[in-house]
Amino acid sequence: MKTAYTADQIRGAEHALMARLPEGTLMQRAATGLAAVCADLLGRVYGKRVVLLVGSGDNGGDALYAGERLARRGAWVGAVLAGSKTHEAGLAALRQAGGRVVERDALERADLIIDGLVGIGASGALREPYRALVEEANAARGPIVAVDVPSGVDASSGRVEGLAVRARVTVTMGAYKTGLLVDPGAEHAGTVELVDIGLGAHLPDPDVAALTGGDVDVLLPRPGNESDKYRRGVLGVAAGSDLFTGAAVLAVGGALRAGAGMVRYAGPGAPVAQVRAHWPEAVVTELDRPSLEDVGRVQAWVLGPGLGTGEWAHEVAAQVLASDVPVLIDADALTLVARDRGLLRRSAPVLITPHAGELARLIRADRDAIEAARLEHVRRAAAELGVTVLLKGSTTVVAEESRPVRANVTGTSWLATGGTGDVLAGVAGALLAQGLSCYDAASCGAFLHGLAGRRAAEGAPLTAADVAAAVPAAIRAVTGGGRSS
């Protein structure tokens, strides 16, 4: 599992470790790792032009010492000194190795730019001259390697106020920073390379975590020799309407592909016909009235995709939420709950899966504010509503009170198309029915959904049905049949 920490947590661990080591040891370790990543990116170091953007803090020192190492391997290395002060020992080492101080126009000809302007303690918008340097570096032809975090990214939250470095690679020291796993910071970070400088024993419980394929492999339910369709989990799906028939088809498809032993679908005539045509495996109950008494026993429910928001849908939602099993609330059911929060007063677990707009209605917040500060708002929602929250978006995050937020690291921008959220609801619902907690079902469901999206897209547009069809391949990837993120 990838674990990430706030700036304060990292600084606390660094101080504890530095008290036991000779002065400057951590910076030398960091510079060695940084130089190695830069050398790999350059391929051949000799004769390449490397420009360092050097600020006043320790990451400016990291950049200078890494530049020294590259200069000793034959690179042309120039440092643009932007801070009010400079790490003097690092600058002296660079000069002794043949490096030099240069003006900002050197960025135009750089084969590689190392961003050492501001470190993990910075927050808010970049000030001059840093802002102008970042603008020029982003426009230059050479790739940027950021030291610890891209300048302009809040290390503790991923927030970006104004301009920030767009790095090809971020070399982060000691541990992942929260802002590297959550957009918009994650988008600016590029590929993140972790350099071990010995902080491990001094780190507290993480602020944010991200499942790996190995973690999902451990958590995923597997049928045993004694399994039957009932023991493997029966999922109820209350979704679809005469207007939105496809949502029911996609949610049921996601659930079936994710391993539910049985899916019981309940809905009105039009989506019933579509579900029967697409998924003969599903047990279908046509609802002539909003009553679920004939559906049969289930271990969990998915409620909401395409359900509508009228009185009929409200009555169905009330009946589902009156049950004693876990319920995943998505799409139209989130609108119903936003209108009537009393629906959430239940003792059984609840997982909600909103996008930013839906969450804004639920907690009376501004959508843009949620997009800018996803961690803050997903934590607030989990605490305020007393539920597990999967906030969909460019970075999907899962929050449950008193647990680290989990950020999902799979996915593709091609998933931003209609119906993919319905598939996710089915996948996560199937995992709930198979016995996973809301926290684990949401996290594993997001991981598998993102991985299925990558496999379905392969760099091209996809449909939600393509994602559902790719879910078994995603499961095979994490359980030994292939590679995963």
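In this predicted model, seven strands form an open sheet. Their order is β4-β3-β2-β5-β6-β7-β9, and the pairing is parallel. The edges are held by β4 (100–101) and β9 (191–195). Each of these two has a single partner strand, so one side of each is left without a neighbour in the sheet.

Now step inside the sheet. Strand β2, residues 49–54, pairs with strand β5, residues 112–116. This parallel pairing runs over five bridges.

Next comes a helix. Helix α5 spans residues 130–139. Its buried residues are Y130, A132, L133, V134 and A137. What do the buried residues of α5 pack against? They pack against four strands of the sheet: β2, β3 (76–81), β5 and β6.

Finally, turn to a loop. Strand β6 covers 144–147 and strand β7 covers 169–173. S157 sits in the loop between them. Is S157 buried or exposed? Its relative accessible area is 18%. The cut-off for buried is under 20%, so S157 counts as buried.

The side chain of S157 also has a polar partner. One of its polar atoms lies 3.1 Å from the backbone nitrogen of R159. Further along the sequence, S157 touches T178, G179, V182 and L375. That list leaves out residues up to four places away in sequence.

Note on methods. Residues numbered from 1 in each chain as written. Predicted model: local features only at pLDDT ≥ 70, side-chain atom pairs only at ≥ 80, totals over all residues. Heavy atoms only, no water. Buried < 20%, exposed > 50% of the residue type's maximum accessible area, 1.4 Å probe, protein only. Polar contact = N/O pair within 3.5 Å; in protein donor to acceptor, adjacent residues only side chain to side chain. Contact = heavy atoms within 4.5 Å. Pairing = 2+ DSSP bridges.
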